[in-house]
Amino acid sequence: MKLKKLAKIRAFTLVEMMIAIAIAFTILGVTLTSSIALEKSFNSVDNYFATHMQQIRIVDYLARDVRRGFSVTSSLDKQTVTVKIPRYIIQAADADATPSTIGTPRSPRLAISSGDYNINYGTATNQISTVLYQISGSSILRTEDGVVTTIASSTDNLIPETVDVELANTEYTTTAITFKPISVADRNGTVVYSTAYLRNRRRSL
Amino acid sequence: MKMNKTRSVTNAANTLPEVLIAVVLVATFFASIFELNAVCLRCIDASKESLAAVQSVQDRSEVLRNIAFSDLTNTSFVQNLMNTAANPAPFSKKATEVVTISKYPTANGVTKFTRAPNGTVTTDSIATDLGTGLLKVDVQDSWTMAVGGRSRIEQTSSIISNGTKK
């Protein structure tokens, strides 16, 4: 009779239970904390790579326009860039466009300037397209002859800063693009640099 | 007999090895989670390095293809040019940059420059002849990767012709 009673009332003591609960809560707390941290890390990595791609896209766009340009001008705050590029392709609104020539390459014109040969495109009054890069809110916009293209849009506050340097017959730009990652407060370590030279002789048209 | 049975019930517990194994398993689990977290951060570093390397070789190549042909074939000019890093990125302080210039399409020796991470530039070899028409310019960055300490290389080649901008 006594034996049965003892077997029925076997259990953990209060101290054992409290220790077990404390351990369980500690493990649960650490698990939750680490899983939240892990999720934040994954989000940060995902966000970082996505913004990295946007930085590369801005660099590519800008470098492409600078390389085919005649001149580049950056604003004092370095955040607006104007590129003058030849009108290599005949477009619908051009004065010399005909239905059969729209979208085809324009024939180059040879001109002599200060004893040097220059190659120009289009008529004298219609040979330059103006490309403008600027920040608008959280977007980086590229405007070519009034046509706006959003080349990057990010809530990470992407900021491209471009400086143009004129040389004897050429010009180059150095661009530094930073952003503010979601994981840290400052921009340190996010900068991507790029250098691009004009392929044409620099000239104002 | 009664007493023995009672004692065996009340003293039931885990053995020390069982507890140790449980502790090791829990510790391993948490170590794995935190290591995974650290791997994420190192992946970002590795990504930044790779991108910086791409931009570095592109920037150097961009400068070399835009200098005068006579300067490109001038050993001291190129060596002086390389005293300045390809761009201001901190990556240049951990990468070794090698620029190789040779006549194209048939090389007659190579002119080779190496820029160490500390900024020291050495001329490793000078081509017998670089010609006056076409040059092949290779730019290579090598560094030790943040993840796993592996060696990485980024390289680009350009064919540059003599001539002036139009």
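Predicted model: local features only at pLDDT ≥ 70, side-chain atom pairs only at ≥ 80, totals over all residues.
**How chain B meets chain A**

Which parts of chain B supply the side that touches chain A? Helix H1, residues 2–10, and helix H2, residues 16–66, each give at least two residues to that side, and the largest share, 18 residues, comes from H2(B). Sorted by class, the residues on this side of chain B are 13 nonpolar, 7 polar and 8 charged.

Turning to the interface as a whole, 28 residues of chain B are in contact with 35 residues of chain A, and the two chains bury about 2900 Å² between them, with 68% of that on carbon and sulfur atoms. Within chain B, the residues that lose the most area to chain A are B:Glu62, B:Lys165 and B:Lys166, which together make up 24% of what that side buries.

Let me finish inside chain B, where H2(B) packs with helix H4, residues 75–82, at an angle of about 145 degrees, their axes being 12 Å apart, and where H2(B) passes H4(B) in a right-handed crossing. From H2(B), the contact is made by B:Arg60, B:Val63 and B:Leu64, and from H4(B) by B:Val78, B:Leu81 and B:Met82; by class, that contact has 5 nonpolar residues, no polar ones and 1 charged.

Methods:
Residues numbered from 1 in each chain as written. Chains lettered and ligands numbered in written order. Heavy atoms only, no water. Contact = heavy atoms within 4.5 Å. Buried area = accessible area lost by both parts, 1.4 Å probe. Helix = DSSP H or I, 4+ residues; strand = E, 2+ residues; numbered from the N terminus. Nonpolar A, V, L, I, M, F, W, Y, C, P; charged D, E, K, R; others polar. Axes fitted to C-alpha atoms, helices over the stretch in contact; angles between N-to-C directions. Left-handed = near helix turned anticlockwise from the far one by under 90°.
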